[in-house]
Amino acid sequence: MTSQTFKHQVLVFALFVMASVSINAQQPCMQELIGQSLSKLQQPTPESFLNCIAEMKRIDAMFPDSIQPKHQIALQSLNFSVMNPHAPQTDNLLTEAEQTIMTMTQMKNADQSEICTLRGFLYMVRIVQNPAQNGQRYYIDVMQSFEKALKINPDNQLAKDLQHKFFEGMKQATGK
Amino acid sequence: MAVCSLSAQTTISGIVTDGHEPLVGTNVFIVGSIDGCLADSLGRFSFTTSKTGEVMLKATFIGYEDFSLTADVSQLTNLSIRMNEKAMTLNEVVVTASTFSFGKSENFKTMDALDVVMAGNSCGDIVAALQTLPGTQMVGESGKLYVRGGESDECQTFINGMHVLVPYSAETENTAVRGRFSPFLFKGINFSLGGYSGEYGQALSSVLPMETTDAATSDKFGVSASLVDWNVGGTKAFKNSSLSFNAALTSMGLYNSLFKERNDYFRPYRKLSGEAQYKKEFSTSSVLKSYIGYDLTSVGQRIDGRNLSLKEHNIYANVTYKTAIGHGYTLFTGIANSSVFSDIDNAKTVGDHYHNFRNEVHLKAEVRKSYSNVLKLSAGVEDYIRNSTLNYDIYHYQLDYNILSAHIDAQWRVIPRLFLNLSARTELMKSKWLVMPRATLSYIPNKHLQFSLVAGRYSQIAEDDYLAQSRNTLGQSTADHAILSMQYKTQTTLLRIEPYWKKYHDLPLLENGIYQSHGHGTSKGIDIFVEDHSFIKNLSTTLSYSFNDSKRLYLDYTEVQTPDYVSRHNLRLTAKYAVGKLIFGLAESYATGRHFPVGKTPHYNSVDVNLTYLLSPKVIVYSSLNNIFGRTNIFRYDGKGSPVMPSRDRFFYIGIFVSLKNNKAYDISNF
């Protein structure tokens, strides 16, 4: 799970997710700002991820009732963490991602499928951080989160792709 | 310096610290815009903005209070920002005093069921696994949980908040029992060694609340086999619900024929179990859980020239429903029924017959509400309706009684870092009221340290046999707890030290042939627990030490004395090392001798090893060997002064767990 191949796959996938941000016509300003911020990830360095996350937090402060900036905060924090599992910022980012997911859960218009996907991704990053200890501990949680996400919304592409990546990573790890 | 926005005219700059150190990565920005930057490695920040006039500058960093400053943009240069650490809210704080939590309820888990099972010599038994924790006593001939100088029945088990009357399997005298429930049923196990809140009652010493897993998300089917038990289970997952079943046969027949033992069985121990669960999530805030389990236990043993034959039927069922009812209120309701039928032929003499039936209905309703980040309240009512019948030759009794109770519980953050949990529980039995205040005051200066002071009163009605011989004079026994808890925790190390003191009142005492509430006792001691993951990569170690000084006058005692189940010193050391697909476990258990009229037993010592091999993602092999050096431990002395020893010195276990339909690895639970 910590192999460079796996990280590279996740990075390519993260960029795909980044490029496929849905547009909400009711909040063009917010969408524009999110789009501008995400565009900086075309050079996906750790610094650009951290700046993107910081900008998403500023956008979230501007639109506190919107779920999309929160979704991006959690998603980009997890993207950074899966790429840099032992960076000094990672633990704080994971804590923030967990809190953001909790906040999203309590919002009325929350997409439960997206929330399950992010939760699965969060557990997945924990495994990447420490496969020996966390592999057996969080494996079930990752799988159940993605399964639940796809049960609620069978067309959730993010959940499908993350689940696929996770299976591939586990196959590499277990040699099966 | 961090990369900053470059599209505006006014430069904003400064430094951000916590008063001592720079806060690297602080997000500094102008509210209502995207203009801002992250503080660099020296805490410095500098960015430009197109805003003019009065603006609000904000700085945010996880774990710290947000900093805000409103000023004209031209004045925001060379700022010195000091951030204050954020006080934890009730939701962020888990007071750990006197409690060991396994599994995951809300936050990230530290141990899961698999860790529990692989601890020491548990052989998949949740009760045995918990005996590696401090505060528990080694009582080998019983196998039950004895906590901080208390009797085994002073520890009560709850599933999803509902009481379980008999949580252990049946066995003949002086043979260790096992817990009835698989750890894989549960997503959370909270073992409280005392000082618990008002929600739980009818337990003088400790409670073991366990929460079952959520509705399954995929179908499962699997089997497992060992020398002593065979298991088949499966789950059918629906859109928002799941239905599970499990069937297991435990038989010592094969094992007894392979390995010699001291006891003489004419019918080996057998247990046939069936369980089913249905869970439905109506919404994220409305969950129904139901469980039913049935055990038939049978064993026949030759003892003192007679053929003792034991049969027990144990049925337990519960249904709980939790839902949000608006305005931030959550309603919990539950009902549980326990029925146990025990029959023993040749129980004490040839030709006698013992029959016992015990039944309990537990009803419970509770309302919970979070008023703010600093106050949470809950209140509830419950009723225990019990009846039991015993027939032994000409001796007969029938008991019917109920215990009605109510509780209220408040969790309050008094000031930042200081938390108070106040609760009160009242119980009514036979027109006699008991009021029991309980309180936990916790000082939590940071995420590494916790100090708690716990005090409270707890109650429990005596066992049915004593009630029946009391001519209605026996009331509830009570125990006062006082506990000081100190915990230090880092990512790799946990240290907990807990001195405690307990005083028992109104214990059953045999006087003039009847039991009366004239017994009393004290128990004091200290528990120490250390868990470490830092010595070597993939190695985790634990140390549990308990000192207990307990004295009582109760039952048929004629003077105040140390109960015979108490060992003054108990020590457990465990180590678990993962290498590739192998996980090795090593455990050492030591306890000083116990006091009996004929003398003190020798100390108890056992070194156990276990090995888990992840053969493939769907196949796990687990094996263990208890007491590898074959020391003959003497648990106790019986009434004739003869030593009571384990049925065999060593116990070897090997089992294979196979998932047939499950797409998950490491999931040996198909239930």
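Colleague: Let me start with Glu85(B): how does it count in terms of relative accessibility?

Modeller: Keep in mind that this is a predicted model. The general idea is a scale: under 20% relative accessible area is buried, over 50% is exposed, and partly exposed lies in between. Glu85(B) comes out at 44%, so it counts as partly exposed.

Colleague: And where along chain B does Glu85(B) have its place?

Modeller: Look in the loop between β7 and β8 (99–103) of chain B. If you leave aside its neighbours within four places in sequence, Glu85(B) is in contact with Gly63(B), Tyr64(B), Glu65(B) and Arg417(B). There's also a pair to look up in the structure: Glu85(B) and Asp18(B) are 67 residues apart along the chain, and their C-alpha atoms are separated by 7.6 Å.

Colleague: Is Ser13(B) buried or exposed?

Modeller: Ser13(B) has a relative accessible area of 15%, so it is buried. Its place is in strand β1 of chain B. Not counting residues up to four places away in sequence, Ser13(B) touches Phe45(B), Ser46(B), Leu76(B), Thr77(B), Asn78(B) and Leu79(B).

Colleague: How do I read the sheet with β1 in it: what is the order of its strands?

Modeller: With a sheet, read the strand order, then the pairing. Here 3 strands of chain B form an open sheet in the order β4-β1-β7, and the pairing is mixed. The edges belong to β4 (44–49) and β7 (79–82) of chain B; each has a single partner strand, so one side of each is left without a neighbour in the sheet. On average, neighbouring strands of this sheet are turned by 30 degrees against each other, direction ignored.

Colleague: How many bridges join β1 to β7(B)?

Modeller: There are 4 bridges between β1 (residues 10–17) of chain B and β7(B), and the two strands run parallel.

Colleague: What is the order in the open sheet of 4 strands?

Modeller: That one is also in chain B: the order is β3-β2-β5-β6, with antiparallel pairing. At the edges stand β3 (36–38) and β6 (67–72) of chain B, each with a single partner strand, so one side of each has no neighbour in the sheet. Neighbouring strands here are turned by 15 degrees against each other on average, direction ignored. For a pair to trace, β2 (residues 27–30) of chain B is joined to β3(B) by 3 bridges, and they run antiparallel. Val28(B) stands opposite Cys37(B) in β3(B).

Colleague: Now β35 of chain B: how many of its residues are buried?

Modeller: In β35 (residues 619–626) of chain B, 6 of the 8 residues are buried, so the strand is largely enclosed by the rest of the structure. Then look at its partners. β34 (residues 604–616) of chain B is joined to β35(B) by 7 bridges and runs antiparallel to it; there, Thr612(B) has Tyr622(B) as its bridge partner. β35(B) also pairs with β38 (residues 651–659) of chain B over 8 bridges, again in the antiparallel sense, and Ser624(B) stands opposite Tyr653(B) in β38(B).

Colleague: Let's switch to chain A. How many helices and strands does it have?

Modeller: 8 helices and 0 strands. Of its 176 residues, 57% count as buried. Among contacts between residues at least 6 apart in sequence, 63% join residues at least 24 apart.

Colleague: Which residues of α5(A) are buried?

Modeller: First, the general idea: an α-helix has 3.6 residues a turn, so residues three or four places apart point the same way. In α5(A), the buried ones are Thr90(A), Leu93(A), Leu94(A), Glu96(A), Ala97(A), Thr100(A), Ile101(A) and Met104(A). They cover an arc of only 160 degrees around the axis, which puts them on the same side of α5(A). These buried residues pack against α3 (46–62), α4 (68–83) and α6 (112–129) of chain A.

Colleague: What span should α4(A) have at 1.5 Å a residue?

Modeller: Its 16 residues should span 22 Å, and the end C-alpha atoms are 22 Å apart, which agrees. As for burial, 15 of the 16 residues of α4(A) are buried, so this helix is largely enclosed by the rest of the structure.

Key: Residues are numbered from 1 along each chain as its sequence is written. Chains are lettered from A and ligands numbered from 1 in the order in which they are written. This is a predicted model: local features need pLDDT of at least 70, side-chain atom pairs count only at pLDDT 80 or more; totals for chains, interfaces and linings use all residues. Side-chain values use heavy atoms; hydrogens and water are left out. Buried means under 20% relative accessible area, exposed over 50%, partly exposed in between (1.4 Å probe, protein chains only). The arc is that of the directions from the helix axis to the C-beta atoms. Contact means heavy atoms within 4.5 Å. Two strands pair if DSSP finds at least two bridges between them. Axes are lines fitted to C-alpha atoms, for helices over the stretch in contact, and angles run from 0 to 180 degrees between N-to-C directions. The expected span of a helix is 1.5 Å times one less than its number of residues.
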